[in-house]
Amino acid sequence: MRFTAIQSLISVITRLLLSGGLFRLLNIALMFVAIGVGTARAAVPPPSDNIAGWFETFKRQASDEELYRFLYAMPKGGDLHNHLSGSIRSEWFFDLALAQGERGYRYYTRVKINNCRPFGGNAFTQNPYLMLFTNVQESTYEALSSCEKEEYLPLEELNADEKTAWLDSLRLDKAYEGRDEFFQTHWQRMGDLYLNPYLAADALVLNMQSFGAEGLMYMESMIGVLGFIDAQGQQISPDDVADIYRDRLRDDDALGTGVEVRLQVAILRFSPTAEDNLRYLYDYVSRHSDLFVAVNMVGREDNDKGYPLRFLDTLRDLRRSYNNVRLSIHAGEVDEPNSHVRDTLLLGADRIGHGVNLISDPDTMRLMRGGPYLVEINLVSNLLLQYVSDYSEHPFPEYLRTGIPVALSTDDRGMWDSNLTDEFYVAVKAFNLSWDELLLLSRNSITHAFLPETKKAELIARFEARTDDFARQIAARPLGALSPEALSYGFICDRYQLCKW
Ligand SMILES: [Zn+2]
C-alpha cells in the first residue's frame, strides 16, 4: 500500500467512525479484512509526517468527547509546574485524611462559629478564626478552648451536606471564587492536613497514578518539607521528611506507575524571612539532590515585597558555594506590565512559571525566542485566577508560534478540579493546536526538565516510542486510539459540558 492510499483510507475510516453506526463499523471491518490489517500496519509512516494531516481532519469532525478521549490517550511528556498541596483533589484529600488514622492522625474541621474569641483578633493570620472548614489534627484540637472545640467535628462524622461543603471548600467551583479565594483561604483551610508528610507522600503517588493514566511520563512537583508534625504534634525534621518521600516513592504502587518524579521546594517570596528560607532550602536541595532538583519562588506577585531582584544578592552569594541547584521561578503571573520575567532570568532561573505578562516586555520576549528558557504555561490556572478573562487574551499561542519554548502544566489541579488533559483540550479548542505542536509541547517538557542529560535522552526515546505506537494505533483503528478510561472532572464539566460519561 502506498502512503497516500493509507492516508485516504484512514480519512475515510475516521469520517465513517465519527459519524457512528453499526453498519458502517461492519463495513470498515470488511475493508480491513480486504486489505489485510498487517499490510496497513506495516505501512504506517512516521507520525510527524502523516498523523498531522489526519489530526486536522479529526479536529474538524470529532465530537468534543472524542477529542477529549483522544487527548487523554495521547502520550505526554512532563508536568513541570505543579504544587503538590494544590494538586490534591478534594475527594482524595478526604480519603487520605481518614486513612491517616492508621498512623494515629485524626482530623477535625470547623463546621460552625460560636463567637468564642473576643473583639480585636487578627483576621489575617495563617489560621484565621472566622473561617469555616479549617482543618486541625487532634493534637491541635485538644489545645482549643471548650468553646472552640464545639465548633469542630471529626472528619469521619460529617453528614452528607457537611461533607459536600467540605469538599467544595477546597476547590474553586463557584463563579465568585477566584484569586482572593485561592490565595486567602485555600491554604489556610488545609491547615494541619498539609503538615502530615505521610499524607503528602500518598498524595504524590495518587498524582503519579492519575497522571500516568493520562500518559504522563515525568512530574516535577513543588512539595513542602518545613513545619511537618507527627500525630502528637511534634516536629518532623526536613531531612526525615525527605526520607519519608523517598521511602514512599520506592513502594510498588509508585514504581508501577512508570512516572519519573523529581521534587522542588518553594519559598514564599514576600515573607519577611524569605532570604533565610532561600538559604536553608538551597542547601537542602543540594544535600538531597538525588530527589530534589530546584528551588522555586511562589506567592502572589502583586505583593511587591516579593519582587524578583530582592533575591539577587542572596542567590549570587549562594552560587559561590553550591553547584547543583536549579531555579524555576514564578514570574509574570500578574496583571500589570512589568519586567519581572527579565529580572527573574537575571536571578538565574532556567524556567519561568506562568510568564503571562512577558507579552508586555518586547525586549525580553525577543531574547527568549529560540530558547533556552522555557515558560511553564498553566491555562486553567490563569483563567480561574483571573489573569486572563478569556483565552483570547492569553499570550500562549504568541509564545508558542514565535519560537519561545513552552510546555503545558497543571499548577494546582486539585483546586481547579482538573487534569493535564484539560490543559491540552483547552489549548486545542482555543488555539487550534496542530499535531506537531502537541508533540513539541511534550518534547519541551522533557528537554527542559531538571534531569541529567542521560535521563532526559532516555525519556525522550520512550516518548518517541510511545508516540510512534500511538500513531500506529490511529492508523490501524482511529477509534481505538480514543481512551475508554478518560476521566474528566469539574472544570471541564462546568466549562465545556464534558461531564462524566
Ligand atoms: Zn504555580
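Where is the place of aspartate 417?

Author: Aspartate 417 is placed in the loop between helix H20 and helix H21 (420-431). Residue numbers count from 1 along each chain, following its sequence as written. The model is predicted, and for this reason local features are reported only at pLDDT of at least 70 and side-chain atom pairs only at pLDDT 80 or more, whereas totals for chains, interfaces and linings use all residues. Helices and strands are DSSP runs numbered from the N terminus, a helix (H or I) having at least four residues and a strand (E) at least two.

Aspartate 417 is not a glycine, yet its phi is positive, at about 60 degrees. Aspartate 417 is buried, because 25 other C-beta atoms lie within 10 Å. With C-beta atoms placed from the backbone, a residue is called buried if 20 or more others lie within 10 Å of its own, exposed if 12 or fewer do, and partly exposed in between.

Aspartate 411 is in the loop between strand E11 (406-408) and helix H20 (413-416). Its phi is near 60 degrees, again a positive value in a residue other than glycine. Aspartate 411 is buried, since 29 other C-beta atoms are within 10 Å.

Eight strands, in the order E1-E5-E6-E7-E8-E9-E10-E11, form an open sheet with parallel pairing. Two strands are taken to pair if DSSP finds at least two bridges between them. Strand E1 (78-83) and E11 are the edge strands, each pairing on one side only. From one strand to the next the twist averages 25 degrees. Strand E9 (residues 351-354) is joined to E10 in the parallel sense by three bridges, and glycine 353 stands opposite glutamate 376 in E10.

Helix H11 (residues 197-213) packs on this sheet, where it touches E1, E5 and strand E6 (260-268), and its direction makes about 145 degrees with that of E5. Such angles run from 0 to 180 degrees between N-to-C directions, the axes being lines fitted to C-alpha atoms, for helices over the stretch in contact. Contact between two residues requires their C-beta atoms, placed from the backbone, to lie within 7 Å.

Strand E5 (residues 218-222) contains serine 221. Serine 221 is buried, because 22 other C-beta atoms lie within 10 Å. Leaving aside residues up to four places away in sequence, serine 221 touches Asn82, Leu84, Leu204, Val261, Leu263 and Gln264. Serine 210 is eleven residues from serine 221 along the chain, and their C-alpha atoms are 14 Å apart.

The peptide bond from glycine 371 to proline 372 is cis, with omega near 10 degrees.

A UniProt annotation from an unreviewed entry, "domain: Adenosine deaminase", covers residues 214-462. Its positions are given in the numbering used here, feature names are shortened, and annotations may be inferred rather than shown by experiment. Over residues 214-462 the chain is 42% helix and 15% strand, with its end C-alpha atoms 15 Å apart.

There is also an open sheet of three strands, in the order E3-E2-E4, with antiparallel pairing. Strand E3 (135-137) and strand E4 (152-154) stand at its edges with a single partner strand each, so one side of each has no neighbour in the sheet. The twist from one strand to the next averages 30 degrees. Strand E2 (residues 107-110) runs antiparallel to E4 and is joined to it by three bridges; threonine 109 has leucine 153 in E4 as its bridge partner.

The whole chain holds 24 helices and eleven strands. Its C-alpha atoms fill a box of roughly 80 × 55 × 40 Å along the principal axes. Buried residues make up 43% of the 501 residues. Of the contacts in the chain with a separation of 6 or more, 77% are between residues 24 or more positions apart.
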